There are 2 protein chains.
Amino acid sequence: MEPNVIDFINTSRDRYLEELKQYLAIPSVSALPEHAGDMRRCAEWTAEQLRAIGLENVRVADTPGHPIVYGDWLHAEAPTALVYGHYDVQPVDPVELWTSPPFEATIRDDELFARGATDDKGQLFAHLKAIEAHLKQAGRLPINLRVILEGEEEIGSPNLNQFILDHKDELACDVVLISDSPMFEKGVPSICYGLRGLAYFQIDLRGTSTDLHSGSFGGAVANPAFVLAQVLSQMKDRGGRVKIPGFYDDVRELTDREREEFKRLPFNEKEYRKGIGAPKLHGETGYSTLERTWARPTFEVNGLLSGFTGEGSKTVIPATAMAKVSMRLVPNQDPDKIAELFEDYVRKVTPKTVELKVTRMHGGKPWMTEIDNPFVQAAARAIEMGFSRTPVYTREGGSIPIVATFQAELNAPTVLFGLGTPDENAHAPNEKLYLPNFFGGILSAAYLYEEIAGARR
Amino acid sequence: MEPNVIDFINTSRDRYLEELKQYLAIPSVSALPEHAGDMRRCAEWTAEQLRAIGLENVRVADTPGHPIVYGDWLHAEAPTALVYGHYDVQPVDPVELWTSPPFEATIRDDELFARGATDDKGQLFAHLKAIEAHLKQAGRLPINLRVILEGEEEIGSPNLNQFILDHKDELACDVVLISDSPMFEKGVPSICYGLRGLAYFQIDLRGTSTDLHSGSFGGAVANPAFVLAQVLSQMKDRGGRVKIPGFYDDVRELTDREREEFKRLPFNEKEYRKGIGAPKLHGETGYSTLERTWARPTFEVNGLLSGFTGEGSKTVIPATAMAKVSMRLVPNQDPDKIAELFEDYVRKVTPKTVELKVTRMHGGKPWMTEIDNPFVQAAARAIEMGFSRTPVYTREGGSIPIVATFQAELNAPTVLFGLGTPDENAHAPNEKLYLPNFFGGILSAAYLYEEIAGARR
């Protein structure tokens, strides 16, 4: 990379902070109708910024909700990357818990406090500043770049899918870059290469037409709350393994390399356990905690409701019993196939003494980009140069639905290029951004575009 | 019995109805503060009635709640019976569902409609009229009689226990008579000789200090809602038998005679099943439905609550899970002993991955008076004479706490001399009294006092 790009970044830090503070001053809370004007203002500010850094075809695209901001630069004989981010932020309540006002970005020590500091204005801004450095100093980018920034991520991206479907050609790319997640730990830059999927259900059992008196009728009929317990208890064995036949058929086993990578991570089981207040950690036999939460499927009961749940005692045989249950899925499990296996099994283990209804609530595919994918490797090199540390490889137990959409609709791998830290209070009071990561992130992003160019050579 | 007692009863029917209508016109709803004055008025009316029929030592005894009315006649060289009943009634809401006003007793066909018609003013009034017939026509009662009528039965008798404790000598008796329950079926007079007891608990499990995201943490910790299902499922085997060690040790087995009696009852399993809307009846293997609901102990889940129970889906690992559970007990199980067995077993089957708390909510002893008890046999003969039908012997699956109190404090057996029918809407709109039972009940009660006198001879 041209040295003056790096110099430019290193000498522009004060300006970057001033600009980011301006960006953070716009209360772009997507969830609250009273901020609709701020959302529009923030989209315009974002578009203006895209123009200022030298992107082309910049526009604010209306949706049925908040607008999507787009810009690109497409003059390279090189791969095309799509940078995704979001300019909307979470609400700030309870605002009294903030040490400084949420929309007046304030630096204390090496942290910048403001709503949106890490999620996601700070992280997306790192990309914009890296783009700017290339375009201002080299007059070009090493790759083709598209930038798409939405205003509804914090409310579930209700209009993004349709926008992508409607603009498939315009968004065509070789790789998607997302900086909207934390590193494994402060000071431990990492690349998250896998996410779990989800299959969520509601089970409803009915035993009788109304609640019955447990004295008069106890012994005559099956109790749906007890039957529910029987049914649920058959979902996992004592070793924490899911008992649904065929459940593990498509599970991609961890490779030796992955298990080695995870073992090297600075993970303290005892601290972790104390942090969540559990008397003991527990999960599938034969796997470490990180392996279980990142790379193994699970079965969880998310909710239970039946009969009398108030204070005191009521001697009732409930007419109905309800459970919300869900499975986290890993590559290459398919939510629809798992749904069928689950439904068959529930039907099999539920006795005929109750009526059974299973409702499919929600499904999401697991996602993974293999560690040796050339774009992942490009990102690893970029992080190493930007942070002067070799990144670790991690996965995540949760889902990021947009990643599956990019995979499905644009047929492009995603690199999760997370610049946050786990303690930055995204969604909570006193959200903050660790400034060494912000500056390191700008450098890394600048290197990343170069490395992606090289990845295809 | 002197023939003129029977004649007196048979020729006084119209007067009985007029008096009962007056009694039912007093809205003695114990649960509602606005009826406090009506409660006092009803107690006074009741006391005046006791005086009018010839009882002595009549008084309205104040309690911290509604008063207790007492009267006696103690001039016989014969056993002493204590007649218990209650002059308070249930609220009438939803009042718009009543065909005629709840406090204007109305006769349609052979039924009298009013709140309190069967529960319990109508049934206790049958005793008062039987007493009156003896005292007016014979100038004496064949036995010593005490009458105690409370005003708080429908709100759980909060002050009756203390009153009994404070007046043990005054209430001393050889047998307690209670007419506050239905017969097995209209036209099938019956004697209920056994009730089940109760042991009620709340189980609370805690897995972590707060709810966790099921994506980030799924696989790391035990899910308390799932653990609860595992724990509960171990309480009964597939055959419906409770698995708590020692649970059946003190269970009095059904005698051959009892099983024969139950088999003779007009009980239609199919109609019963349809009536409660169950796809199938279910319970402990080796026992009939009546045997299971009357004479076998049970384990029931009365309530379940954990995690997310609203509409839709929320991917949470609940921090806590709660179950209300209870066991119906039969002679000679002891609620305290069962509580210890249960708590030991729950502790044993709950894994160390969660914190366990078991709370004892409520306990009640089972009760039984053997069929061949002389007072039960006296009641059987009295019913046969009053209703011209041989009574059947039944038990009940529920509890009547006062019966255990009489047994414990007065050391007297109880005869449940139920004059209601199962379809009389006690506690519901359009409560009613089947008049042939009312008149038959007065005759039976008159015979009963004679037969009790004979039972000791």
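In the predicted model, B:Leu205 stands opposite B:Leu356 of strand 14 of chain B. The two residues belong to an antiparallel pairing: strand 9 of chain B runs against strand 14 (residues 355-364) of chain B over 9 bridges. Strand 9 of chain B also pairs with strand 13 (residues 320-329) of chain B, again in the antiparallel sense, over 10 bridges. Here B:Gln202 stands opposite B:Lys324. Strand 9 (residues 197-206) of chain B is largely enclosed by the rest of the structure, because 8 of its 10 residues are buried.

Helix 9 of chain B presents another picture. B:Gly277 follows the helix, with a positive phi near 70°. Elsewhere in chain B, a cis peptide bond links B:Asp93 to B:Pro94, with omega about -5°. B:Pro94 sits in the loop between strand 3 (80-86) and strand 4 (106-108) of chain B.

The two chains meet through 69 residues of chain A and 69 residues of chain B. On the chain A side, strand 11 (residues 298-307) gives the most, with 9 residues. By class, the chain A side holds 25 nonpolar, 32 polar and 12 charged residues. Strand 11 of chain A pairs with strand 11 (residues 298-307) of chain B. The pairing is antiparallel and extends over 5 bridges. Within it, A:Leu304 stands opposite B:Ser306.

The same surface serves both copies, as 100% of the contact residues of chain A recur in chain B.

The largest nonpolar core comprises 91 residues. Those with the most contacts inside it are A:Ala379, A:Ala446 and A:Ile452. Helix 14 of chain A gives the most to this core, contributing 13 residues. Apart from it lies another core, of 90 residues, including B:Leu128, B:Phe375, B:Tyr434 and B:Tyr449. In soluble globular proteins, nonpolar side chains tend to be buried together. Leaving aside residues up to four places away in sequence, A:Ile452 touches A:Pro79, A:Ala81, A:Ile143, A:Val175, A:Phe375 and A:Ala378.

A:Phe375 and A:Ala378 are among the buried residues of helix 12 of chain A. Also buried in this helix are A:Val376, A:Ala379, A:Ala380, A:Ala382, A:Ile383, A:Gly386 and A:Phe387. Their cover includes strand 7 (175-178), strand 8 (190-195), strand 17 (414-416) and helix 14 (435-455) of chain A. The length of helix 12 (residues 374-387) agrees with expectation: at 1.5 Å a residue its 14 residues should span 20 Å, and the end C-alpha atoms are 20 Å apart.

A:Ser388 follows helix 12 of chain A and has a positive phi, near 55°. A:Ser388 is a residue other than glycine. Its place is in the loop between helix 12 and strand 16 (392-396) of chain A. A:Ser388 is exposed, because it has 10 other C-beta atoms within 10 Å, and the cut-off for exposure is 12 or fewer.

A:Asn57 likewise has a positive phi near 55° in a residue other than glycine. A:Asn57 lies in strand 1 (residues 56-61) of chain A. A:Asn57 counts as partly exposed, with 13 C-beta neighbours inside 10 Å.

A cis peptide bond joins A:Asp119 and A:Asp120, with omega about 5°. A:Asp120 lies in the loop between strand 5 (111-113) and helix 4 (121-137) of chain A. A:Ala172 occupies the loop between helix 5 (160-166) and strand 7 of chain A. With 14 C-beta neighbours inside 10 Å, A:Ala172 counts as partly exposed. A:Ala172 touches A:Thr80 and A:Leu410, residues up to four places away in sequence not being counted. A:Ala172 and A:Thr359 are 187 residues apart in sequence, and their C-alpha atoms lie 36 Å apart in space.

Methods: Residues are numbered from 1 along each chain as its sequence is written. Chains are lettered from A and ligands numbered from 1 in the order in which they are written. This is a predicted model: local features need pLDDT of at least 70, side-chain atom pairs count only at pLDDT 80 or more; totals for chains, interfaces and linings use all residues. Helices (H or I, at least four residues) and strands (E, at least two) are DSSP runs, numbered from the N terminus. The expected span of a helix is 1.5 Å times one less than its number of residues. A residue is buried if 20 or more other C-beta atoms lie within 10 Å of its own, exposed if 12 or fewer, and partly exposed in between; C-beta atoms are placed from the backbone. Two residues are in contact if their C-beta atoms, placed from the backbone, lie within 7 Å. Ala, Val, Leu, Ile, Met, Phe, Trp, Tyr, Cys and Pro count as nonpolar, Asp, Glu, Lys and Arg as charged, and the others, Gly among them, as polar. Two strands pair if DSSP finds at least two bridges between them. A nonpolar core is a set of buried Ala, Val, Leu, Ile, Met, Phe, Trp, Tyr and Cys residues joined through C-beta atoms within 7 Å.
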